[in-house]
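I opened the notebook to log what I look up in this model. Entries follow in the order I made them.

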Amino acid sequence: MSTTNGMIGKSVKRVEDKRFITGKGRYTDDIVLPLQTYACFVRSPYAHAKIVGVDLEVAKAMPGVVAIYTGADVAAINGVPCGWQVNFKNGDTMKEPKHALLVEDKARYVGDAVAVVIAETREQAKDAAQMVLVDYEELPVTVDAAKAVKPGAPLVHDLAPNNICFDWELGNPKEEVDQALADAAHLTTLEFVNQRVVPNAIEPRSYNAAYDAVSEKYTLYTSTQNPHVIRLLMCAFVLGIPEHKVRVVGPDVGGGFGSKIFHYPEEALLTWATKNINRPIKWTAERTESFLTDAHGRDHVTKAEMGFDTTGKILGLRVKTYANLGAYLSTFGPCVPTYLHGTLLQGLYTTPKINVDVTGVFTNTTPVDAYRGAGRPEATYLLERLMDLAAHEMEMDPAELRLRNFIPPFDGVEQPGFQTQVALQYDSGNYEGVLTKGLEMLGYKEFRQKQQEAAQNGKLLGVGFSTYIEACGIAPSAVVGSLGARAGLFEVGQVRVQPTGKVSVFTGSHAHGQGHETTFAQVVASKLGIPMEDIDIVHGDTDSVAFGMGTYGSRSLAVGGSAIIRSLEKIIEKGKKIAAHRLEANADDMEFEHGQFTVKGTDKSVSFGDVALTAYVPHIYPKDLEPGLDFSSFYDPANFTYPFGCHIAVVEVEKDTGKVALQRFIAVDDVGNIINPMIVEGQIHGGVAQGVGQALFEGAEYDSNGQLTNATYMDYCMPRADDFPLFETATQVTPCPHNPLGVKGAGEAGTIGSTPAVVNAVIDALWSGGHQVKDIRMPLTSERVWRAMQTPVNT
Amino acid sequence: MQLTGKQVLNAAPAQVWEKLMDIDTLARIMPGVSSLEQIGENSFVSTLQIKLGPVNGSFSGNMQLEDITEEKNFTLKVQQSSKVGNANAAVKVNLVPVDDNHTEVSFDGDARLSGILAGMGQRVIGGVANTLTKQFFTNLEKELAQSAS
């Protein structure tokens, strides 16, 4: 553990796991402040209802009640903002209704908060909340994005006619794509739903807000992926509190998968209310409340058409998607189906003409936002389903079809990046490499033989492919700014060398399960040549970390790690000057390796620890140099990073019941350079489990009245360990050419690649039995697969 | 959610009709009813105790009988609210004579649930509804048998 250089690339055990697995983690709900009070929200049981009146008389008289607020009390306060602006094709800005902290006029989804009760205990708050009598007048409801845009559909917001938030397009002019498809020898068309899923972080959302009347300072403890972003949005856009008067702390966070990026009404409401009652207020979501109010993921209704020439070369792609945004715009809501989805539709292929058209739609459902992968899984699902289906239709091999269409290898240094038809420029890639490796691991030829034999014996075996690409390391500020982002997406890394040579690293990249405290320490240990034990990674507190944009979009190492590297370079540069002075040499002649500053070509050296001490006890010190050894850097990436990979699923479908058994899952991922292979493998495993979860088990089911009918673990099917075989993982390394670590990001890869591989495998199994099925709606339950098999058999 | 049920009872339509129109009998035979009080010609205030899987709720609200065709059919409308959510239902009940001593009673309607009840109970609700239907007919048969004896 104490070896210093060369910590990069080692499967070091996660240092944070000691506290996590011994139950010593400190989460927001663990924090109890003096004079603590508790909040319970009164939520609409109706998906769309006018609030005729709210009677608080009985509730106010209940034991322990401290305060009750309704929409009228916060009507003058801004709503929570949306962080991304997407425009209509004609240039008009998107429709942006107020997302109030508590609704006053209408509830627009089941779970919309109408009032909040604050009481001495959680139970008293809950009891009193049940006695808040809200007089609702039910209104007609719309839940399906494709239907909500039809004339006559109930309106969620008066300011958005036909419930359209924006209609947006990207890529080549539509006429050119229409022509390319008209000229195609074969056209593959797929109409499908990428169903809505619930993020299900193991730790529910939790907030604890406090106000100190003496310093006039607020503190908000919040289960978040990005404390600084929450502080910025809440202070500047909602409450109008000066930022220096607010401290936001994200303690240990038990998972987020995107759902804890966003600024939710509850955290602003608590921060506002704590000053009124001058006591801390805590709220932690119950599980069903999480189902109803954590921003959901996916929910696209899509028609995609891909044209091919006679050799299987792709000529063009046309996509029309209705993206369900839910009842309000969540922080990143409009960006997910557009700039994180449309921009990825080049995939790994040389497709010369692409046009994507996305309509963002309001409905009476929980807001939809980024969920692990965010837009990129939807893009990958679309492309990879089309590829396997096209292979079936053209009677071609799906692996061969991909090989014919892959962008040839390029390293981004000798060969330039690849310019897509949909705005992005890929950094580096070797796409054939991952597929070839995947086929080897599978034993492809043997599998096809086995599949044939199985079919003769009445068994349905199938293999499904998914060769994906994602845009990670989010994101170059200038690029995203031009695309509508209302923030820069750089990251901050500060390295403070203490007088004794121990190192504190402050990163704006706040971990919620990714193992930053290990990976980042490995990077610092390697760079400075000191033991990992001498390094502390500090994150999640706006009072200790200068600034930060947080953890999402597989950005932590690529952007946050790069910021740390920049600061380490400054530390080493200054250290060389100090060491040179000590050794009476020229700073240009110094080199730094294995924790020693050495005069080149000599054995004269001084250790890192000695240099650190000299910086703080500068008795013998260069005249023109400040004391201290502490640097901060803001790193704004030059481009996105583009991890890619090949996922292969093997399934058996039971003929009589339609039950799907996942027999093998092979993941070959190229995430650039790897700091900790064990953590990368863990991320891939978790991601694949989540992606397979969407394919086979999960899905938020709304009834026509807008009620979420599976808002518990009894009704919402989460994947379990015994649903999976042991995943077979491998990596290929194509370094990112534009960041100092050469890393690309691994947090979302598993979720992005796996879903279409599994669905493709089931469909392949059905084709092997003569059922020429184009699509089965996810999740692929036994019933749906069985029904699909009742279609006529072609032999 | 669709609510349907059908059973042939050992009684003439007139006898069945008499039982169904009698509030005290109705309170006895409807599963889960803990009180039923008449407040208008065909309207009632009700309290129900119902257990739906993990959801155990005390419901209160109104019931109305509408579109009454003597000895043939009527519609029962129910609006109930509780801490675990609200339920609204409209159920049409039909009586068809099979012969002099037998009547087929059937009902067909729709129930709308909201709140926890909707998010938690729907998977088990079909089963619960079937059980309650069975209980209702068993209770009704008992009442009819008692009056016959």
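I count two residues as in contact if their C-beta atoms, placed from the backbone, lie within 7 Å. Axes are lines fitted to C-alpha atoms, for helices over the stretch in contact, and angles run from 0 to 180 degrees between N-to-C directions. Helices (H or I, at least four residues) and strands (E, at least two) are DSSP runs, numbered from the N terminus.

I note that the model is predicted: local features need pLDDT of at least 70, side-chain atom pairs count only at pLDDT 80 or more, and totals for chains, interfaces and linings use all residues. Residues are numbered from 1 along each chain as its sequence is written, and chains are lettered from A and ligands numbered from 1 in the order in which they are written.

**Entry: a sheet in chain A**

I looked up helix H5 (residues 174–182) of chain A. H5(A) lies across S8, strand S13 (297–308), strand S14 (314–326) and S15 of chain A. Its angle to S14(A) is about 125°. Helix H9 (residues 376–393) of chain A lies across S8, S13 and S14 of chain A, at about 140° to S8(A).

Next I traced the sheet. Its five strands run in the order S7-S15-S14-S13-S8 (chain A), open and with mixed pairing; strands pair if DSSP finds at least two bridges between them. Strand S7 (164–171) and strand S8 (186–197) of chain A each have a single partner strand at the edges, so one side of each lacks a neighbour in the sheet. Neighbouring strands are turned by 10° against each other on average, direction ignored.

I then checked one pair. S7(A) joins strand S15 (residues 354–362) of chain A in the antiparallel sense over seven bridges. A:Ile164 stands opposite A:Val361 in S15(A).

**Entry: chain B**

I found three helices and seven strands in chain B. Along the sequence the pattern reads β-α-α-β-β-β-β-β-β-α. The radius of gyration of chain B (over C-alpha atoms) is 15 Å, close to the 15 Å that the globule rule (2.2 Å times the number of residues to the power 0.38) gives for 149 residues, so chain B is as compact as a globular protein of that length. The C-alpha atoms of chain B fill a box of roughly 45 × 30 × 25 Å along the principal axes. Of the contacts in chain B with a separation of 6 or more, 50% join residues 24 or more positions apart.

**Entry: where the chains touch**
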